[in-house]
Amino acid sequence: MTTTSLRPTGAPEIEQLPEPPLRRSREIQGNILAAFNKDYMAFRYVRFPDGAGGRGWLSVMLNTVSVTATVEDFNEEFSLSRRAYGQDPSITATWVGVSLTFQGLLQVAREPEKVKQDLAPFGSFVKGADGRAADLGDDGTSAPDHWHFGSDRSGVHAVLIVAADTEEALTEKLRNIAAADSSHGVTLVHQDDGRTLTGDLRGHEHFGYKDGISQPGVKDFHREDRENPGFRDNRPGSTLVEPGEFVFGYKSESGEPPEAPKWLDNGSLQVVRRLRQDVPGWNEAVKREAAKFRPHGISADLLGACLVGRKKDGTPLAQGENPVVGVGPERNDFTYENDGQGKQTPCAAHIRRTTPRHFEPTQQHRIMRRGIPYGPAYTGSNPEADRGLMFVCYGTSLERQFEFVQRAWSNNPGFLPGTSGAPNGIDKVTGTIRQGGSGSPDAHIVLSDGEEGTVSMDRFVQTTGAVYAFTPSISTLRRL
Ligand code: HEM
């Protein structure tokens, strides 16, 4: 990272505001609280030859792993200078994050029995993403048998995320890492390449919707007094989320730090899911279902927005309440409180299902999302290309956060974030009813202008790989 300050004359001096303590953390790895935010990313799933090889490799990675303070300083500098000059500044940085699966921790631990005992309460982490697949509705072609990699089945011990501003910088870093792999006998099980889409699709996912807008604001990390709606908490009048929801060792929403052994402090649990998207399939189904609405039929654009909860440019269907932050397509200051029947934002909408906002326990089910698309954009002539989202999220409880959102909200036709009593079906973007599950996946939507229809669609997002891993603090990495 360059050291020259690009802060323009007259730009706000961030030092004048109280510095939230977690911004300065050199213990918490980057990407948990401070996003890597890069256009070029590689996800490397590796396997250790034995404990010594794994520990040797980790000691090399330790020298290259990025910490919160460095990533956040860069992100601050970058966004201040972009705001001042209206374009992306030329400062660059390459980031690395390392996480270990349960099997990986056992490999490198000097006392594996103690690790087993310590982690026994973390059931889903111990089982691994493949062990939990059936419960999350990953069956049929989304079942682990079809995955490119999985926590256990392909023996993944560690996940390395490398993030850079250019293809060249990424390749260079990966070359160094590959050298460390071979000198420690570490094998590459699989690699995925994340790339932000370009042109009009920049910042959007493959179905065409702007992504990465709504994130939880975190106490002691985000400033309460800065106007930054995308990264502040998204409920008007609500407080920032406690840091213990995302990092071990801090107070969580329950009032206490999450129960965990000390060596987990300043670490976080990571979910990586390779989610393949069938873009032509989605487009066709949305068009077909929109035409079925009565009395007149609605446009495919409107139905798509209803199923996501935002239009393609990010504008939410819900009305914002704060006149200042409520401006612009990335608005995030709304709730669904006055829309019990889902006439503005249908109850089946992806963003309503995954963060019901005014619904009371929402804050205990938040996740920090850090995804990036993979594969080429859909052009009309490449329907079969493998494309989708490298979905990544962090939290301190897999069961209460990621798995709960997927299982109890997205996949559950009985979950009624509204009050209409009409069948909401499942989340049409990521929801799936597991084999033998009950309830109809179809969603009955009634809009405020009286248009009404029952949306019946297949699944256009398939799971093609998944890993649960632990992203340790720098001290814990050092002690391994
Ligand atoms: C928000 C797309 C997978 C949880 C969004 C948004 C889009 C989107 C377009 C709105 C923009 C934003 O607020 O950032 C997708 C696609 C997926 C996918 C295309 C799969 C290919 C998932 C999964 C989960 C999830 C697997 C969790 C189980 C969320 C959450 C939000 C969100 C929590 C923020 C909602 C809010 O606070 O308003 N997603 N998503 N998404 N998604 Fe997804």
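**View 1. What kinds of residues make up the shell around the ligand?** The shell splits into 12 nonpolar, nine polar and six charged residues. Here Ala, Val, Leu, Ile, Met, Phe, Trp, Tyr, Cys and Pro count as nonpolar, Asp, Glu, Lys and Arg as charged, and the others, Gly among them, as polar. Keep in mind that this is a predicted model, where local features need pLDDT of at least 70, side-chain atom pairs count only at pLDDT 80 or more, and totals for chains, interfaces and linings use all residues. Residues are numbered from 1 along each chain as its sequence is written, and side-chain values use heavy atoms, with hydrogens and water left out.

**View 2. Who sits around the ligand.** In total, 27 residues surround the ligand (a heavy atom within 4 Å of it). The closest are Ile213, Ser214, His350, Arg357 and Arg369.

View 3. A polar backbone atom of isoleucine 213 is 2.6 Å from a ligand oxygen. For serine 214, a polar side-chain atom lies 2.6 Å from an oxygen of the ligand. Arginine 369 brings a polar side-chain atom 2.7 Å from a ligand oxygen.

**View 4. Helix 1 beside helix 6.** Helices are DSSP runs (H or I, at least four residues), numbered from the N terminus. The axes of helix 1 (residues 51-62) and helix 6 (residues 167-183) come within 9 Å and cross at roughly 155°. That makes the two helices roughly antiparallel (angles over 145 degrees). Trp57, Val60 and Met61 in helix 1 meet Ile177, Ala180 and Asp181 in helix 6, with heavy atoms within 4.5 Å counting as contact.

Methods: Axes are lines fitted to C-alpha atoms, for helices over the stretch in contact, and angles run from 0 to 180 degrees between N-to-C directions. Angles under 35 degrees count as roughly parallel, over 145 as roughly antiparallel, 65 to 115 as roughly perpendicular and the rest as oblique. A polar contact is a pair of N or O atoms within 3.5 Å; within protein, one must be able to donate a hydrogen and the other to accept it, and residues adjacent in sequence count only if both atoms are side-chain atoms.
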